[in-house]
Amino acid sequence: QLQLVESGGGLVQPGGSLRLSCAASGFTLDYYVIGWFRQAPGKEREGVSWFSSSDGSTAYADSVKGRFTISRDTAKNTVYLQMDSLKPEDTAVYYCVADLSIATMRRSFRDRRIRDLDYWGKGTLVTVSS
């Protein structure tokens with residue numbers, strides 16, 4: 001079965017850190033662009049970050065630049081999102097996504113939707129609260 005499975009969400013205090021994981025099963029992430037979207041309650045879905053396996057390029061939403069870092073462990077076929085200096089406004093369900101095309105990923109970020117992408121996971125909840 002081809003799927004992406006997220007883990008690592010939870011409750012954290014403002015200023016704290018979490019690391020989300022996205023494990024791919026049934027396919028290799030080689031050649032894929034892997035990204036993270038998030039959706040807060042009552043708000044539109046937002047692209048957070050993506051990583052291109054082919055050239056190592058990355059991109060981040062302005063709202064998370066300098067605080068979040070995306071990385072990949074090739075041996076584990078897993079992508080991570082390290083989230084530092086978390087703020088209450090980071091509270092959301094975080095979704096891992098993957099696509100073979102950088103153009104499709106960029107368009108999905110622009111249009112704030114994931115349905116055009118090859119794969120997406122079920123999400124993991126991150127709550128930032130004191």
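## The largest pocket

The largest pocket in this predicted model has a volume of about 170 Å³. Rolling a probe the size of a water molecule over the atoms shows where empty space is left. Here a pocket is an open set of points on a 1 Å grid over the protein atoms alone, where a 1.4 Å probe fits, with protein on both sides within 12 Å along at least five of seven lines. Its volume is the space filled by probe spheres set on the points, which are joined across faces, edges and corners.

Thirteen residues line the pocket, and Arg38, Ala40, Lys43, Glu46 and Glu89 lie nearest its centre; a lining residue has an atom within 4 Å of a point. Sorted by class, the lining has eight charged, three polar and two nonpolar residues. Asp, Glu, Lys and Arg count as charged, Ala, Val, Leu, Ile, Met, Phe, Trp, Tyr, Cys and Pro as nonpolar, and the others, Gly among them, as polar.

## Reading the model

Residues are numbered from 1 along each chain as its sequence is written. Because the model is predicted, local features need pLDDT of at least 70 and side-chain atom pairs count only at pLDDT 80 or more, while totals for chains, interfaces and linings use all residues; side-chain values use heavy atoms, with hydrogens and water left out.

Let's turn to β8, which spans residues 78–83. Strands (E, at least two residues) and helices (H or I, at least four) are DSSP runs, numbered from the N terminus. Five of the six residues of β8 are buried, so the rest of the structure largely encloses this strand. Buried means under 20% relative accessible area, exposed over 50%, and partly exposed in between, using a 1.4 Å probe and protein chains only. Leucine 81 in β8 is buried, with a relative accessible area of 0%. Beyond its neighbours within four places in sequence, leucine 81 has contacts that include Leu18, Trp36, Phe68 and Tyr94, where contact means heavy atoms within 4.5 Å.

In the hairpin of β7 and β8, four residues sit between the strands, and asparagine 77 takes a positive phi near 55°.

## The two sides of helix α1

Helix α1 (residues 102–111) has the buried residues Thr104, Met105, Ser108 and Phe109. They are on the same side of α1 because they cover an arc of only 140° around the axis; the arc is that of the directions from the helix axis to the C-beta atoms. An α-helix has 3.6 residues a turn, so residues three or four places apart point the same way.

What covers the buried residues of α1 includes β4 (33–39), β5 (46–52) and β9 (92–99). On the face turned away from the buried side, α1 carries the exposed residues Arg106 and Arg110.

Key. Pairing = 2+ DSSP bridges.
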